[in-house]
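I opened this model to look up how its parts pack together. The entries below follow the order in which I checked things.

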Amino acid sequence: MPAVEQFPIEIIAHLKSCRSVTVLTGAGISAESGVPTFREAQSGLWARFDPMQLATPQAFHKDPQLVWDWYTWRRELISASKPNPGHLALVLLEAYFQEFNLVTQNVDGMHQLAGSKQVVELHGNIFRTRCSRIGCTTTEQTLPSASLPLCPECGSYMRPDVVWFGESLPAEALQESIQAASSCDVFISVGTSSLIEPAASLPFIALQARANVLEINPQVTPLTQEAHFSMRGKAGEVLPALAAALMRGEGK
Ligand code: BV8
């Protein structure tokens, strides 16, 4: 656990005095739950596939069963994992701040499982499926099913209810996240390579709106140079230390 002294005291003081905080998470916050990050080398029989190629409408059109099997494999991985201290710390921060918005690029549902009440899912949810033709049916897919299901309404293939590359994000979720980025006092980017648009633009919207931007990531990203403070560290260690520093002492 990093010493909370690693947080500049002025950051803790500023956080304690601010009203509104927006957090953007990426695959890195689920890494310590054992869920491989999106860009990490895929394991087993998926090692030879590029996720950027599989998470596309073209791949599904070409081989729907292959893409469905990839998501079934991921759902099984996620179902065997549980939220880590990073997810749990965000539940504490949600209760601590007067206004708290959690925006995630992740499709694993881990924030909700950890107890976060209000989560904006920019890229959908891997445990939901929808009709691939006209989206007429959406089902909660609690258990991964091996066979590629058909829409009960129109008979078309069902597909994971996630946003693929080249597809637009859900309009309401995108609007909510832009609003949260442009109206917060502090924006915290956690566990994202800051490469995937339009999510990667959110911290820059916060910067333009004169918010304080913090980053938590073991690696440097395109955001690092622009953030007011960038902590090289793991979400599962840094976020609990941050929550502890805020809860300590005279409170807000
Ligand atoms: C769209 C769901 C309109 C599916 C995903 C502008 C410029 C250039 C290109 C574009 C642009 N606008 C749009 C595009 C095209 C494209 C895009 O962004 N391309 C990239 C390559 C540049 N965007 C789109 O297509 C989006 N749609 O904009 O529609 C449009 C369309 C076409 C052209 C123009 C406009 C849709 C994007 C959504 C794609 N779907 N997921 C699925 O999951 O199967 S994205 C996928 O990547 C995941 O959701 C993932 O979350 C997301 C982002 O990756 P990260 O979360 O950052 O994960 P990553 O593995 O990259 O990094 C992990 C990080 O964690 C690392 O930095 C690591 O250091 C760190 N880490 C590791 N361990 C820890 C840790 N951090 C903390 N603690 C740890 N322990």
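Before using any domain bounds, I note that they come from an automatic or database domain assignment. I also note that this is a predicted model.

Entry 1, domains. I looked up how the protein chain is divided, and I found domain 1 (4–33 + 83–123 + 168–247) and domain 2 (36–80 + 127–162). I then took the C-alpha centres of domain 1 and domain 2, which lie 27 Å apart. For the contact I listed 11 residues from domain 1 and 9 residues from domain 2.

Entry 2, area between the domains. The size of an interface is often given as the accessible area lost when the parts come together. For domain 1 and domain 2 I have a buried area of about 710 Å². Carbon and sulfur atoms give 64% of that area.

Two packed helices are described by the angle between their axes and the distance between the axes. I looked up helix 5 (residues 85–96) and helix 9 (residues 235–247), whose axes come within 7 Å and cross at roughly 30°. Angles under 35 degrees count as roughly parallel, so helix 5 is roughly parallel to helix 9. I logged the crossing of helix 5 past helix 9 as left-handed. On the helix 5 side, the contact is made by Pro85, Gly86, Ala89, Leu90, Leu92, Leu93 and Tyr96. Helix 9 brings Ala235, Gly236, Leu239, Pro240, Ala243, Leu246 and Met247 to this contact. Sorted by class, the contact of helix 5 with helix 9 has 12 nonpolar, 2 polar and no charged residues.

I repeated the check for helix 1 (residues 9–17), which packs with helix 9 at an angle of about 65°, the axes being 10 Å apart. That makes helix 1 roughly perpendicular to helix 9. I logged this crossing as right-handed. Helix 1 makes the contact with Ile12, Leu15 and Lys16, and helix 9 with Leu242, Ala245 and Leu246. By class I have 5 nonpolar, no polar and 1 charged residues for helix 1 with helix 9. Leu246 is listed in the contact with helix 5 and in the contact with helix 1.

Most residues other than glycine have a negative phi, and most peptide bonds are trans. Ser194 is in the loop between strand 7 and helix 8. I also noted a cis peptide bond between Glu197 and Pro198, with omega about 0°. Pro198 is placed in the loop between strand 7 (186–190) and helix 8 (202–208).

Methods
Residues numbered from 1 in each chain as written. Predicted model: local features only at pLDDT ≥ 70, side-chain atom pairs only at ≥ 80, totals over all residues. Heavy atoms only, no water. Axes fitted to C-alpha atoms, helices over the stretch in contact; angles between N-to-C directions. Helix = DSSP H or I, 4+ residues; strand = E, 2+ residues; numbered from the N terminus. Parallel < 35°, antiparallel > 145°, perpendicular 65-115°, else oblique. Left-handed = near helix turned anticlockwise from the far one by under 90°. Contact = heavy atoms within 4.5 Å. Nonpolar A, V, L, I, M, F, W, Y, C, P; charged D, E, K, R; others polar. Buried area = accessible area lost by both parts, 1.4 Å probe.
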